[in-house]
Amino acid sequence: MANEESLSITTPAEIERTPQGLVRRWLAELNIAHRDEKEWREEGKRLWEMYEGGKAKAHSFNILWANTELLLPAVYNSTPEPDVRRRFRDADPVGKGVSEVLERALSAQVDSYDFNDEAEAFVLDMLLVGRGVPRVKYVPQFAPQQMGEPAPGEDAQPEKLSGETVECESVQWDDFRRGPGKRWSEVPWVAFRHDFTQEMAEQQFGPEVALALTYSEGKDSDKISDDKQTRELFKTTEVWEIWDKDQRRVLFIAPCYDKAPALEVPDPLKLREFFCCPRPAYAIKNTRTLVPVPIYRLYAEQAKELDKVSARINKIVDAMKVRGAYSANLSEIGSMLTAAENEMIPVANISEIASVGGLDKAIWTMPIERLRQVLDGLYQARDQIKATIYELTGISDIVRGSTDAQETASAQKIKAQWGSMRLQRLQREAQRAIRDVLRLKAEVIAERFSPETLEATTNLDFPTQAEKQQVQMQVQSALQQAQMTGQPPPPMPPEMQATRHPLYC
C-alpha cells in the first residue's frame, strides 16, 4: 500500500496533504540541494583550512591568503552611503518627500550596527569559496504595557512596539541552500541553517515544540567545561529556515521533528521578490549553473607548483651552512672558531700550520657554490610562477604596490588601467549585492516601520491624524468657497501646502 501511495504522488501539493508529508517534502528538497553542491562544499572546507593556515604543508607558500587579503580591500573598502532618488526628475513633491524619508531611514539603519563587518564577511566568502550571501532581518523590539500588574488568573498585559530595526547579516557560506535552477530568477526557494538552543527554540516556536526537539552537544562541547550540567546549556538542534517563493511562506523545519513544521509564517516581510536575500555575489560568472566556482580553482596547479618550489628553496637554505674540518693535531683551530672578538689564541704547533701552507690551507670548508646556483634558479622559477598566478587572477604589480623604477610613467599607467579593469567585475558584483541589500531594507522600512519609528529615525516631524484631518478640512473649505463665488481659489498658505507633502498623505 505504501508503494502504491508513493506512486500516486505526482506534485509537491499532494505530498503536503499532511503535516508529516510537508516535513518529508522539504527534507527531501534539502537533501537534493545538499548533493547538488556537495563537491563544492568539500572544496570550500579545504580552502578555508588553507586560508587560515591550520593544515598548511611545511615550507609552503600561502598564495591563497596573500591574494585574498589583497583583493578584499580592493573589492570593498568603505561603508556605502544610501542615495534614494526618483527615477525621473519630474515635479513630484510627494516622490521627493518619500525619497528623503527613505534615504534618512536607510542612513540611520546602516549606522545603527556594524554594517562593514557584515559586508566584509560576505565579500570574503565570495573571494574565497566563490559565493557570498547577505540577507536582511527585520527586528522589532517590544516592551510591556505600563498598565499595572495583572490580577490573579488574568493574562499578562500585551506588549507594545518600542522600536524597529532592519539589519544586514552575512550568511555563513555552508549554511545556505537553494532550490533548483540555472539562473537566480528560476530558484523557487532558499534556506538558512540555524543552531537553536532550547531557550531560543522556546522563544521562536513555543514550549510545546521546543520540548519535542532533540538537542545534542557540539563538537567542541568538551572544551567548554568538564561539568556535564554546564555542557547541557550549550546543546543545540539543527533548524532550517525555508523561504518558499511559490507559496510565499516561511517554514521552520527541524530534521529531528517530523510531526509538522516547527513554525509556518505567511509572507512575513511582504517583499516584491519575496526572498529576504538578494542574488548572491558570485566571484566567477556562470550561466550554466548556480554552483559556485572558487577563484583558487583557476590557479590551483600553479599554486601547488609554487609550494614545491618554496619547499625546495627552504630545504636548500637549511643545507647552506658553514661546515668544515681541520686536523686533529691542531686543536687550537677549534678554539679560534669559537673565540670572541679581538681574542688571541696561543698556538703550540705553529710550524705544522706553516707546513700545510697557512691557516687558510689548514681548514677545509664544505663547498656551497653549487647550492647557491641552484637556489638562484629556484628563486627565478618562483617569481615566474607568481607572475603566472597574478596574470590569471588579474592582480598586476601596480595593484600589489610593486613597480619597476626603469618603467616609464605611460607603461605604469597602462598597467594600472588594465589591472583595475580586471577587478571591476568583482567590484561591480559586490556593489550590486550591497545595493540590492539596501533596496530590500528600504522595502522593509516602507512596509513595516511605524510612523513613530520613522519620526525617531529620520528626525522629521510627522503630523498626527488630527492635524492631517484639520488641514484637509481647511483645503476642502477653501475649494468649496471658491466654487461658490466662481473665483479661482486663493494661494494656500504654507501650513496648507503641507498637504502636498507625503507625511500628510
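## Helix α16 and the residue that follows

In this predicted model, helix α16 covers residues 369-393, a run of 25 residues whose first and last C-alpha atoms lie 37 Å apart, close to the 36 Å expected at 1.5 Å a residue.

The buried residues of α16 are L375, L378, R382, I385, K386, I389, Y390 and T393. An α-helix has 3.6 residues a turn, so residues three or four places apart point the same way. Just after α16, G394 adopts a positive phi of about 80°.

## The crossing of α6 and α18

Helix α6 (residues 93-111) and helix α18 (residues 451-458) have axes that come within 9 Å and cross at roughly 75°. Because angles from 65 to 115 degrees count as roughly perpendicular, α6 and α18 are therefore described as roughly perpendicular to each other.

On the α6 side the contact is formed by V101, R104, A105, A108 and Q109, which meet L454, T457 and T458 in α18. Sorted by class, this contact of α6 with α18 comprises four nonpolar, three polar and one charged residues.

D175 is placed in the loop between β2 (159-171) and β3 (176-178). Its relative accessible area is 15%, and because buried means under 20%, D175 is classed as buried.

Once its neighbours within four places in sequence are left aside, D175 is in contact with A191, F192, R193 and W240. With R193, the side chain of D175 also makes a polar contact of 2.6 Å, joining it to the R193 side chain.

Terms used. Residues numbered from 1 in each chain as written. Predicted model: local features only at pLDDT ≥ 70, side-chain atom pairs only at ≥ 80, totals over all residues. Heavy atoms only, no water. Helix = DSSP H or I, 4+ residues; strand = E, 2+ residues; numbered from the N terminus. Buried < 20%, exposed > 50% of the residue type's maximum accessible area, 1.4 Å probe, protein only. Polar contact = N/O pair within 3.5 Å; in protein donor to acceptor, adjacent residues only side chain to side chain. Contact = heavy atoms within 4.5 Å. Axes fitted to C-alpha atoms, helices over the stretch in contact; angles between N-to-C directions. Parallel < 35°, antiparallel > 145°, perpendicular 65-115°, else oblique. Nonpolar A, V, L, I, M, F, W, Y, C, P; charged D, E, K, R; others polar. Expected span 1.5 Å × (residues − 1).
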